[in-house]
Amino acid sequence: RSKKLIFLSIITLTISQFYYFGFNLDSKEELCFSEYFERETVVKYQSRSILPIIMDIKNPKGKIIYRQTNTSHSFTTTTQDNGYVNICFENAVFPTPS
């Protein structure tokens, strides 16, 4: 099985909050997080992984505002609406045959 360790940082600049945590993803596994933000909140997302992962960020209306596949992600946005922002990670690497 191909596992990836991902470190995620979510920084809310206007209220100076910082969250930092790590997690593992198995092959083809997806993990999503939601966080509520007020309108006009500046938020910076950063993640690092050993192998490339897909990272999606959706605004409160469900529109994808960031989607990249990489080992390092950094994205800053100012929220346009009150609501939950969703951030999802997917390990798109298929396991190597044994």
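Predicted model: local features only at pLDDT ≥ 70, side-chain atom pairs only at ≥ 80, totals over all residues.
Tyrosine 36 is partly exposed, its relative accessible area being 37%; here buried stands for under 20% relative accessible area, exposed for over 50%, and partly exposed for the range in between, with a 1.4 Å probe and protein chains only. Residues are numbered from 1 along each chain as its sequence is written, and side-chain values use heavy atoms, with hydrogens and water left out.

The structure holds five aromatic pairs, where rings of Phe, Tyr and Trp (its six-membered ring) pair if their centres lie within 6.5 Å, and planes under 30 degrees apart count as stacked, over 60 as edge-to-face and the rest as tilted. One of them joins phenylalanine 33 and phenylalanine 89: the ring centres are 6.4 Å apart and the planes stand at 70°, so this pair is edge-to-face. Phenylalanine 33 belongs to strand β3 and phenylalanine 89 to strand β6, so that distant parts of the chain, 56 residues apart, are linked. Phenylalanine 33 is partly exposed at a relative accessible area of 24%, whereas phenylalanine 89 is buried at 0%. For tyrosine 36 and tyrosine 84 the centres are 5.3 Å apart and the planes again stand at 70°, so the pair is edge-to-face. This pair, too, links distant parts of the chain, with tyrosine 36 in strand β3 and tyrosine 84 in strand β6, 48 residues apart. Ring pairs also gather Phe23, Phe33 and Phe89 into a cluster.

Because cysteine 32 lies in strand β3 and cysteine 88 in strand β6, the pair ties together parts that are 56 residues apart in sequence. Cysteine 32 is partly exposed, with a relative accessible area of 41%, while cysteine 88 counts as buried at 10%.

What is the order of the elements from the N terminus on? They run β-β-β-β-β-β, and the protein has zero helices and six strands; helices (H or I, at least four residues) and strands (E, at least two) are DSSP runs, numbered from the N terminus. Of the 98 residues, 36% count as buried. Contacts (heavy atoms within 4.5 Å) can be sorted by sequence separation: among those with a separation of 6 or more, residues 24 or more positions apart account for 66%. The accessible surface comes to about 6,000 Å², of which 51% belongs to carbon and sulfur atoms; the areas come from the Shrake-Rupley method with a 1.4 Å probe, and for residues only the protein chains shown count as cover.

The largest nonpolar core has 13 residues, and those with the most contacts inside it are Tyr45, Met55, Ile57, Ile87 and Phe89. At least two residues of this core come from each of β2 (17-25), β4 (42-58), β5 (64-78) and β6 (83-90), and β4 gives the most, with five residues. Such a core is a set of buried Ala, Val, Leu, Ile, Met, Phe, Trp, Tyr and Cys residues joined through side-chain atoms within 4.5 Å. Threonine 77 lies in strand β5 and counts as buried at 18% relative accessibility. Leaving aside neighbours within four places in sequence, threonine 77 is in contact with Thr41, Val42, Val43, Tyr45 and Ile65.

A search of the whole structure finds four salt bridges, each a side-chain nitrogen of Lys or Arg within 4 Å of a carboxyl oxygen of Asp or Glu. One of them joins aspartate 56 and arginine 67, with the closest N and O atoms 2.6 Å apart. Aspartate 56 lies in strand β4 and arginine 67 in strand β5, so this bridge ties together parts that are 11 residues apart in sequence. Aspartate 56 is buried at 9% relative accessible area, whereas arginine 67 is partly exposed at 45%. Glutamate 90 bridges to lysine 28, the closest N and O atoms being 3.8 Å apart. That pair links distant parts of the chain, with glutamate 90 in strand β6 and lysine 28 in the loop between β2 and β3 (30-37), 62 residues apart.
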